[in-house]
Amino acid sequence: MAPSPGSSTGTGERGTPWWRSVLTVHGRGKWAMPLAFSVAGALAAMIVTGVASAPGASARPGGSAAGQGQGNNTGADLVREGKQTFRFDTFGDESFWGGTLRLNQAIEGAAHGGVGPGLSPKQALALGLKVDVNALPESVQQGILNGTINLNDPAVTLALLKLNAVVGVKGFFDSSGNLSSVGLECALCHSTVDNSLAPGIGHRLDGWANRDLNVGAIIGFAPNLQPLATLLNTDVATVQKVLNAWGPGKFDAELFLDGKAFQPNGTSAAALIPPAFGLAGINLHTYTGWGSIPYWNAFVAVLEMHGHGTFIDPRLDNAQQFPIAAANGFGHVVANPDLVTPKLPGLQAYELSLRAPKPPPGSFNPAMAAAGKALFDGPAECATCHVPPIFTEPGWNLVPSSAVGEDNFEASRSPTGMLRTTPLAGLWTHQKGGFYHDGRFPTLLAVVQHYNTVFKLGLTPAQENDLVQYLLSI
């Protein structure tokens, strides 16, 4: 069950309880980050009674486990704790996604006590949601393969949620078996699956960016977008337009801080979902270096996922740069109980343990990659900033936008005013959607060509392609 509003308090601005800020019509409360609510997957409504015996059903299904983040705080225990948090903790955010936006009603549909047609597994998969095959009983896996499970039935989606099989999404069911709320988990955006059973259904790949996830379209499916419209001082139709402009694999983390929905050239201000692997040894994170891993985890859990936690950043008091954040006290959120802060050590430990995956054999040309490495380390001078093996600057890893031949729009939306030198390991896993923060370069070759021009490197087309093969090899 979702916690009652009175069970979690905090402040959006001094003296204003967090839950009241979110629910009041004037919208002075936490902003709604683009994180998907829905489900994906494949299983029949008839299998609900088999939940208890389903593989993975014993895993903690979400919310806040008593004692997690307290004790067991060293070594492997801390990593295991963080893995559980990353995969299954909602930090109490179901009170927002279900309680305020009522996403659970859109998922179940009118036939099951909600509103509208409901969300079928086929529709959810098309929106980029993923299903953990390890949570599916063998009979369900076979039903998916032989087509006896109806993936067009929203009742199957509800059964999938009861199996806790949707990556990054937790359904909360009442004593009558009705979907009473829905919460989000870190894995929603920063995990995918290997498609081992079917497209969108397979073994978890934690840390991988889900570039299939159409966050904006999913949020736009919510029955109640008025709180977002009120916060942005606009109407629901405009909110829908903004959300629909994001497209697969993108979200806008600053929209509900500064209200800037579009770039000066008219394209969406949303950024590509980045991976959460290969971060060990790297200083600042996110495209513009907002902070370290625990900083960004707290930021996301409290301000984006709407978990019940404490988050402090006085930089958000800058009303000129962050008018919405400053007006609503987003830099001074205090919750009691705090369901986020105790989880930060384990979550950081787990993310630091996620190494960038090696490219599969045959995915790049070894001879060209070797030639590209010589260029990367030598004449092309790539390694000057992308220093191996972390492939960013050791220490301060921010540069002005002008230093890489780019506009300043994205950098101007962060407190740093700069761009981070992006780590390159595992680039092969997130080629979908393009490169740079907004996908402005459709391919790695386009990126190499950009730097060849900006830095006047004089690389031949063959050398450019060699560099691409090296980038695909690391």
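Phe 173 stands opposite Leu 179 in strand E3, where strands (E, at least two residues) and helices (H or I, at least four residues) are DSSP runs numbered from the N terminus. The model is predicted, so that local features need pLDDT of at least 70 and side-chain atom pairs count only at pLDDT 80 or more, while totals for chains, interfaces and linings use all residues. Residues are numbered from 1 along each chain as its sequence is written, and side-chain values use heavy atoms, with hydrogens and water left out.

Strand E2 (residues 169-173) runs antiparallel to E3 and is joined to it by five bridges, two strands being paired if DSSP finds at least two bridges between them. The two strands form a hairpin with five residues between them, and Gly 177 in the turn has a positive phi of about 85°. Because five of the six residues of E3 (residues 179-184) are buried, this strand is largely enclosed by the rest of the structure; buried means under 20% relative accessible area, exposed over 50%, and partly exposed in between, with a 1.4 Å probe and protein chains only.

Most residues other than glycine have a negative phi, and most peptide bonds are trans.

| Residue | Phi | Loop between |
|---|---|---|
| Asn 164 | about 60° | helix H7 (154-162) and E2 |

Asn 164 counts as buried at 9% relative accessibility, whereas Asn 233 counts as exposed at 71%.

The peptide bond from Asn 336 to Pro 337 is cis, with omega near 5°, and a cis bond also joins Pro 388 and Pro 389, with omega about 0°.
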